[in-house]
Amino acid sequence: MSVKIIGPDVPNMPWQDKPSTPQAGPLWRYSENPVIGRNPAPGVARIFNSAVLPVGGKFAGVFRGEQTDGVPHIYWGESGDGIQWDISNERIPFTDEKGEPFLPRYAYDPRFIKVEDTYYAIWCQDFYGASIGMAKTTDFKTFTRLENPFIPYNRNAVLFPRKINGNFVLLSRPSDSGHTPFGDIFVSESPDMVYWGKHRHVMGRGQAWWESVKIGGGAAPIETNEGWLMFYHGVSGTCNGFVYSIGGAILDIDNPSMVKYRCRRFLLTPEEWYEERGFVPNVIFPCATLHDAATGRIAVYYGAADSYVGLAFCKLDETVAYIKEHSSVTEEDTEIGIR
Ligand code: BMA
């Protein structure tokens, strides 16, 4: 069975063919990385850990802007080609359901996911501790906050791009209020994006050293005829601090708490100057993909060293083959995840 993306064609997504130089895994970097450099907007020192989607024949996204007072917020950005980004000068003016201003405090690491006709921005924020915040938009002007889905402490929430068995489905990573020296990925369901339950364990920190401290959801899972392709981050602890790499797994299509394949090798790990040098060295943190069903091309957007946005490419068939070839799953990975 040849592997296929189930989703729209995005023929104008960014792309560059694989270079002839050796690569550590199935992903290769865009040769002109980073795609967003320092001081990208007035009052914003760095943009990283950000998420994009195809919108109206072009691309748009929600960006983690580290303001010059050191506080992160969510900014809007647009692009004709997915590479040159025009970042708004103002923070996204989130409102409550009555239309009153309701800015999240200390908001970071946004994801951006379309389910049916609505676009959801989901981020981490302060809610008496590190927690998940959410907003929805249909016109990219009004961003209406939703109730925070979980009590503290939780981070790395990633919505699936369609309902499963009639419910919205969200990955998250329970954490602590600091730099969290542990962490597994869980999945929760909601009929309405307000009330969340049916919590299940998806997978724990890995047996492999590169993901042995903690893991967390990354890009919105990509629907394929093999299951949900999930790019996530895995963290190892070195004598000089954490190292963040990109991992890959394939989740069951109807029951995403069950892991079918999990690559014991990283898919991408810090190598380039913009990944190894920056505000926090040795971090690559995936938050989104663009992908084209017709060609199986995938572009992964990742934060680099908490300072830049990087872009990497891969082909669906090669990536799935690599994950399967190097897969090892534990009983905890493959079970339904309830105790
Ligand atoms: C995590 C998050 C990310 C960040 C990473 C590395 O805890 O805060 O935003 O990229 O640490 O600093």
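Student: How many bridges join S10 to strand S11 (residues 168–174), and in which sense do the two strands run?

Tutor: S10 and strand S11 (residues 168–174) are joined by 4 bridges and run antiparallel. Two strands pair if DSSP finds at least two bridges between them, so S10 and S11 qualify. One such place is Val-158, which stands opposite Leu-171 in S11. Before we go on, keep in mind that this is a predicted model, in which local features need pLDDT of at least 70, side-chain atom pairs count only at pLDDT 80 or more, and totals for chains, interfaces and linings use all residues. Residues are numbered from 1 along each chain as its sequence is written.

Student: What makes a stretch of the chain a helix or a strand, and how many of each are there?

Tutor: Both are DSSP runs numbered from the N terminus, a helix being a run of H or I with at least four residues and a strand a run of E with at least two. Under that rule, the protein chain has 3 helices and 21 strands. The radius of gyration of the protein chain, taken over C-alpha atoms, is 18 Å, which is close to the 20 Å given for 339 residues by the globule rule (2.2 Å times the number of residues to the power 0.38), so the chain is as compact as a globular protein of that length. Along the principal axes, the C-alpha atoms fill a box of roughly 50 × 45 × 45 Å.

Student: What holds the strands of a sheet to one another?

Tutor: In general, strands pair through backbone hydrogen bonds, and the pairing may be parallel or antiparallel. In this model, S10-S11-S12-S13 is the order of an open sheet of 4 strands with antiparallel pairing. Its edge strands are strand S10 (154–159) and strand S13 (197–203), each of which pairs on one side only. From one strand to the next, the twist averages 30 degrees, where axes are lines fitted to C-alpha atoms (for helices over the stretch in contact) and angles run from 0 to 180 degrees between N-to-C directions.

Student: Which strands stand at the edges of the sheet that contains S2 and S5, and why are they called edges?

Tutor: That open sheet has 4 strands in the order S2-S3-S4-S5, again with antiparallel pairing. Strand S2 (44–55) and strand S5 (86–91) each have a single partner strand, so one side of each is left without a neighbour in the sheet. Within it, S2 and S3 pair over 9 bridges, while strand S3 (residues 58–67) and strand S4 (residues 72–79) pair over 8 bridges.

Student: Why is Asn-49 called buried, and why is Asn-165 called exposed?

Tutor: A residue is buried if 20 or more other C-beta atoms lie within 10 Å of its own, exposed if 12 or fewer, and partly exposed in between, with C-beta atoms placed from the backbone. Asn-49 has 28 such neighbours, so it counts as buried, and it lies in strand S2. Asn-165 has 9, so it counts as exposed, and it is found in the loop between S10 and S11. Each has a positive phi without being a glycine, near 45 degrees for Asn-49 and about 50 degrees for Asn-165. Over the protein chain, buried residues make up 48% of the 339 residues.

Student: Which residues surround the ligand?

Tutor: The residues around the ligand include Asn-49, Tyr-108, Asp-109, His-179 and Phe-285, where a residue is near a molecule or strand if its C-beta atom, placed from the backbone, lies within 6 Å of it. The shell has 5 nonpolar, 3 polar and 2 charged residues; Ala, Val, Leu, Ile, Met, Phe, Trp, Tyr, Cys and Pro count as nonpolar, Asp, Glu, Lys and Arg as charged, and the others, Gly among them, as polar.

Student: Where is the cis peptide bond that involves Pro-34?

Tutor: The cis peptide bond joins Asn-33 and Pro-34, with omega about -5 degrees, and Pro-34 sits in the loop between S1 and S2.
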